[in-house]
Amino acid sequence: MQTRQWLLADHPRGRPLRDGDFTLVTRDLPEPGAGEMLLKVLWLGFDPAQKGWAENVADYVAPMALGDVMRGSGIARVEVSNGGRFPVGTLVAGLTGWTEWLVSDGAGFEVCHPGLPPTAMLSVLGTTGLTAWCGLFKLGEPRPGDTVLVSGAAGATGSVVGQLAKVAGARAVGIAGGAEKCRWLVEEAGYDAAIDYKADNLRARLKELAPGGVDVVFDNVGGKILNDMLAHIATGARVVICGGISRYETGTMPAGPENYFNLVFRRATMRGFIVLDWASEFPALRKRLAGLVNDGRLKFRIDEQTGFENTPRTLMRLFTGDNRGKQVLKIAD
């Protein structure tokens, strides 16, 4: 049989993504060999890190060559099993790549959680929720009464971070772009306050909302916003560096923060992390996250686009601020 696939056509270094970075092709698929399965991809999930993978600047994953199937996560259904790991009809989540069909032995795939929609495995139970949990609790270590400040708070990861901070008994303050996103953070995601960086004076609002300084900073943006947050940290603050969406928007590495020496004045720490370092804990963490969702203490938002031909444009939505919550693309029923 045949499948359509999106291949990497250029390394988008030093610039934003563009249509010519990917090429749509149709290829033949082999029959599943012994122990293999034919998987039909139903949804694709998108993360800002995919631009870093395409650029080959992320050295924690294997480099991508031109002509490779674009790397990415997805939800797939087992259509044919030749003695494979999962029965026919099973919904699984894992690294599918940008393809409509694939043959796999199932390595790296997990069965979708039965009590939640399948797309939860791409969002709150996937890399998104796991990144929020590990970054906040392993590095941020929020305590009851702390103020947790999250940049990119209306994104898939940021929205989970604030809710987990509330579970830990902390105050959550989010930074997002636009009144609609800020309203959603407070009214739906349960943030105590939200700052619209497009309309508000960020430093002035931080002084109003956290007069004693910020105890935990969870940064998804970098650049000027990180610099402003560092100017308002409390003594003993923990600064968690998760992502740098500003880098992807400008196409260049963000300048180092001017206020980094405030880490000395406040006896604070600043650490980066890769969530894969805690991969052995993922099954247990998924159970805890699912429990919070089922208890109504953790909400997640899915932004679903449709059509395999729209795959590159769906990734680009992450860097224009068009997405609302976790960005996914439905490519089959």
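Predicted model: local features only at pLDDT ≥ 70, side-chain atom pairs only at ≥ 80, totals over all residues.

Two strands are taken to pair if DSSP finds at least two bridges between them.

An open sheet is formed by six strands in the order 10-9-8-11-12-13, and their pairing is parallel. Strand 10 (193-196) and strand 13 (269-272) are the edge strands, each pairing on one side only. From one strand to the next, the twist averages 15 degrees.

Helices accompany this sheet. Helix 4 (residues 179-187) packs on the sheet and touches strand 9 (171-176) and strand 10. The direction of helix 4 makes about 170 degrees with that of strand 10. Helix 5 (residues 202-209) lies across strand 8 (147-151), strand 9 and strand 10, and helix 5 runs at about 165 degrees to strand 10.

The chain as a whole is divided into two domains. Domain 1 comprises 2-123 + 300-330, while domain 2 spans 127-276. The centres of domain 1 and domain 2, taken over C-alpha atoms, are separated by 29 Å. Contact between them involves 22 residues of domain 1 and 15 residues of domain 2.

How is the size of such an interface often given? It is often expressed as the accessible area lost when the parts come together. Here the area buried between domain 1 and domain 2 is about 1,500 Å², and carbon and sulfur atoms give 54% of that area. Of the area that domain 1 buries against domain 2, Tyr60, Arg301 and Phe319 supply 30%, more than any other three residues.

Polar interactions also cross the boundary. Two salt bridges are found across the interface of domain 1 and domain 2, and four residue pairs are in polar contact there, both residues being at pLDDT 80 or more. Helix 1 (residues 49-55) provides four residues, the largest share of the side of domain 1 that touches domain 2. Arg301, already named for its part in the buried area, joins its side chain to that of Glu180 in a salt bridge, at 3.2 Å from N to O.

Definitions and conventions:
Residues numbered from 1 in each chain as written. Heavy atoms only, no water. Helix = DSSP H or I, 4+ residues; strand = E, 2+ residues; numbered from the N terminus. Axes fitted to C-alpha atoms, helices over the stretch in contact; angles between N-to-C directions. Contact = heavy atoms within 4.5 Å. Domains from an automatic or database assignment. Buried area = accessible area lost by both parts, 1.4 Å probe. Salt bridge = Lys/Arg side-chain N within 4 Å of Asp/Glu carboxyl O. Polar contact = N/O pair within 3.5 Å; in protein donor to acceptor, adjacent residues only side chain to side chain.
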